[in-house]
Amino acid sequence: MKILAGDKARAPMRIVILTLSTLAFFANAAFAHDVTPGDAGYIQEIWGVHIIPFIYLGAKHMMTGYDHILFLLGVVFFLYHMKDVAIYVTLFAVGHSVTMLLGVWFGWGINAYIIDAIIGLSVVYKALDNLGAFQRWFGFQPNTKVATLIFGLFHGTGLASKILEYQIDPDGLLANLLAFNVGVEVGQLLALFIILIVMGYWRRSPNFLKQATYANLIMVTLGVLLMYQQITGYLASA
C-alpha cells in the first residue's frame, strides 16, 4: 500500500514531466507561432466572413502553441485562488488580444525570430520568478501583474507577425480576426482547465514544493532552448 501511495503521490509530477518533455519535442520540431501548411493554405484562399472556421483556427493555435502553454503554466503555477487565476489570465488575454488584433489590422509586424526569442524569454522570466530568483539575485520582486500584461502583448505580436505573412483577404478581415481571437481565448480556457486540474491534484503531494523546483528548472531550460533556436535562426537568415 505504501508503494501504491507513493506512486499516486508522484503521478502528477510524472504528468507534468511528460507534458514538459512533449513541449520540448515540439520546441525542436517547429516555431512557436507557426501555422500548419493546410491552415495557411486555407487562410490564403478564402475571402469574406468565416466565423466558425476562424474560431476553430484560433482555438487550435492556442492548444498547440507550446510557448503559450508554458507561459500560462508558469503564471498559474503558484496561484491557489480562482480570483487570482482570473486576474492574471485576463491580463494575459488582454495583452495577447490587443497586439494580435491591432498588429494584423494595421500591418504591424516584427521579425518572427526576434519576437519568438522574446516569447522564449517570457517563459524563462516566469519560471525564474516562480523560483524566487529575482529576490535572491537582485533583492526585489518585479510586479508580476505588469509583467504578465507586457509579455501578453509580446505573445500577441508574435501571432500577428505570423498571420501577416499569410496576407488574409481584407474582405471580412475584422470579423475573421475577432472570431480568431475568440477561438484563442476558448483554447486558452481549455488549456487552463486542464492545467488547473493537474495542478490541484499535484499540490496535494507532500513533495510538491521540491518537485515544483525541478519543473520550473525544466521550464527555464525550455525557454532558453526556444531563445537559442530563434536567435540562431535570426543570425542565419541575416
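Which residue forms a salt bridge with Asp-129, and how many Å apart are the closest N and O atoms? The partner is Lys-126, and the closest N and O atoms are 2.8 Å apart. The model is a predicted one. The protein has 10 helices and zero strands, and 49% of its 238 residues are buried.

**Overall layout**

- Read from the N terminus, the elements of the protein run α-α-α-α-α-α-α-α-α-α.
- The protein has 238 residues, and buried residues make up 49% of them.

**The salt bridge in helix 6**

- A search of the whole structure finds one salt bridge, and Lys-126 and Asp-129 form a salt bridge with each other.
- Both Lys-126 and Asp-129 belong to helix 6, which covers residues 112-130.
- Lys-126 and Asp-129 are three residues apart, about one turn of the helix.
- An α-helix has 3.6 residues a turn, so residues three or four places apart point the same way.
- Side chains of opposite charge can pair when their charged atoms come close.
- Lys-126 has a relative accessible area of 5%, which is under the 20% cut-off, so Lys-126 is buried.
- Asp-129 counts as buried too, because its relative accessibility is 10%.

**Helix 8 and its ends**

- Helix 8 covers residues 144-165 and has 22 residues.
- From its first C-alpha to its last, helix 8 reaches 32 Å, close to the 32 Å expected at 1.5 Å a residue.
- At the start of helix 8, a side-chain oxygen of Asn-143 comes to within 3.0 Å of the backbone nitrogen of Lys-145.
- After helix 8 comes Gln-167, and the phi of Gln-167 is positive, near 45°.

**The nonpolar surface patch**

- Val-94, Val-98, Leu-102, Trp-105, Phe-106, Trp-108, Leu-153, Leu-174 and Leu-178 make a nonpolar surface patch of about 820 Å².
- Two elements give two or more residues to this patch: helix 5 (82-106) and helix 9 (173-202).
- Helix 5 gives the most to the patch, with five residues.
- Leu-153 is found in helix 8, and Leu-153 is partly exposed, with a relative accessible area of 31%.
- Membership of a patch requires over 30% relative accessible area, so Leu-153, at 31%, passes that cut-off.
- Leu-178 lies in helix 9, and Leu-178 is partly exposed at a relative accessible area of 43%.

**Aromatic rings**

- The count of aromatic pairs comes to 13.
- Trp-137 and Phe-138 form an edge-to-face pair, 6.3 Å centre to centre and with 90° between the planes.
- Both Trp-137 and Phe-138 are exposed.
- Ring pairs link a cluster made of Phe-71, Phe-92, Tyr-125, Phe-134, Trp-137, Phe-138, Phe-140, Phe-151 and Phe-154.

- Leu-178 and Phe-54 are 124 residues apart along the chain, and their C-alpha atoms are separated by 8.5 Å.
- Gln-229 and Tyr-113 are 116 residues apart in sequence, while 8.4 Å separates them in space, C-alpha to C-alpha.
- Gln-229 lies in helix 10, which covers residues 208-237.
- Gln-229 counts as buried because its relative accessibility is 18%, and buried means under 20%.

Terms used. Residues numbered from 1 in each chain as written. Predicted model: local features only at pLDDT ≥ 70, side-chain atom pairs only at ≥ 80, totals over all residues. Heavy atoms only, no water. Helix = DSSP H or I, 4+ residues; strand = E, 2+ residues; numbered from the N terminus. Expected span 1.5 Å × (residues − 1). Polar contact = N/O pair within 3.5 Å; in protein donor to acceptor, adjacent residues only side chain to side chain. Patch = residues over 30% accessible without salt bridge, like charges linked within 9 Å, V, L, I, M, F, W, Y side chains within 5 Å. Areas by Shrake-Rupley, 256 points an atom, 1.4 Å probe, with all protein chains shown as cover. Salt bridge = Lys/Arg side-chain N within 4 Å of Asp/Glu carboxyl O. Buried < 20%, exposed > 50% of the residue type's maximum accessible area, 1.4 Å probe, protein only. Phe/Tyr/Trp six-rings, centres within 6.5 Å; stacked < 30°, edge-to-face > 60°.
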